[in-house]
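Let's take a walk through this model, one stop at a time. Have the sequence and the 3D view open as you read.

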Amino acid sequence: MDGILIDGKALAANTRAEIASGVKEYEAKSGRKPGLAVILVGDNPASVSYVTAKEKACAEVGIYSKEIRLPETIAEEELLRTIEELNHDKTIDGILVQLPLPKGFDEKKVIDTIASEKDVDGFTPINVGKMLIGEKCFLPCTPHGIIKLIEFSGMDIKGKHAVVIGRSNIVGKPVAVLLSRKETNATVTLCHTGTPDIAKFTREADIVVVAAGRPNTLTGDMLKKGAVVIDVGVNRIPDPSKPKGFRLVGDADLESCLPVCSAITPVPGGVGPMTITMLLWNTLLSANMV
């Protein structure tokens, strides 16, 4: 029997309904909506698309969204001043700078300028450090969404062996930390380009999170029967049968993995919807912390 597809859209819809209820409660007691500011520098089509999706999601749950579009020719000092102004804006609870920034900007310096109490992406060193030592903080959106998806699949994470493929600062490293925290309590193996035989580890895993950015990184013969697979990859491959000439696939080969795993996230429709949802979650959390 094939594994099930984990419906990220359904989980996102359920979670957003919960957030919308929380937003109404907050507005009733405070007299204002939680506010999220999104800064977009330049006109990268993918970034524009992401920002539009975030604005739509904010409207869906009742969060006030402030979009700030800046030309890529803007001086870095002016971008930093814009962030500082938002740090002191009492109508704004969360600040997000859409990445990647155009060439010439120091991304680390820009992110570090965001006040940690408004860092709803969970990227600043203070929030990353708090996450590492288990203190209350804004959890990074994609890793937090991944934990929710694993739980939604019916898998009890406690005591399980989880393998994470990929060590990026945005997904791989933080999701490995979240999986190993006391409340989740998994044993975690982190694999990457320096791992000689990734399959050796994935064949022993109850949970596999693949975030390598390469199609077919994970195939069915690399899995233990009944494993849960979270596919974070989003890759374009040529497909003349599609109107745009390409289709989206993940890092896992869905066709070979389905007969082996108990559950797997599809691409698209898996991890993606939860990333923006957890951004909304953090924005509401930030508002309630004031």
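This is a predicted model: local features need pLDDT of at least 70, side-chain atom pairs count only at pLDDT 80 or more; totals for chains, interfaces and linings use all residues.

Residues are numbered from 1 along each chain as its sequence is written, and side-chain values use heavy atoms, with hydrogens and water left out.

Start with helix α7, residues 172–180. Helices here are DSSP runs of H or I with at least four residues, strands are runs of E with at least two, and both are numbered from the N terminus. Seven of the nine residues in α7 are buried, meaning under 20% relative accessible area with a 1.4 Å probe, protein chains only. Those are G172, P174, V175, A176, V177, L178 and L179. They pack against helices α5 (125–133) and α6 (141–152), plus strands β5 (161–165), β6 (187–191) and β7 (207–210).

Now hop over to V61, which sits in helix α2 (residues 45–61). V61 is buried too, at a relative accessible area of 5%. Leaving aside neighbours within four places in sequence, V61 is in contact (heavy atoms within 4.5 Å) with R16, I19, A20, V23 and L280. Its C-alpha is also 8.0 Å from that of S21, 40 residues apart along the chain.

How many disulfides are there? Zero, counting pairs of cysteine sulfur atoms within 2.5 Å. The C137 sulfur is 11 Å from the closest cysteine sulfur, in C141, so that pair is too far for a bond. For the sulfur of C141, the closest is in C58, at 11 Å, again too far for a bond. Both cysteines are buried, C137 at 14% and C141 at 5% relative accessible area.

Technical notes:
Buried means under 20% relative accessible area, exposed over 50%, partly exposed in between (1.4 Å probe, protein chains only).
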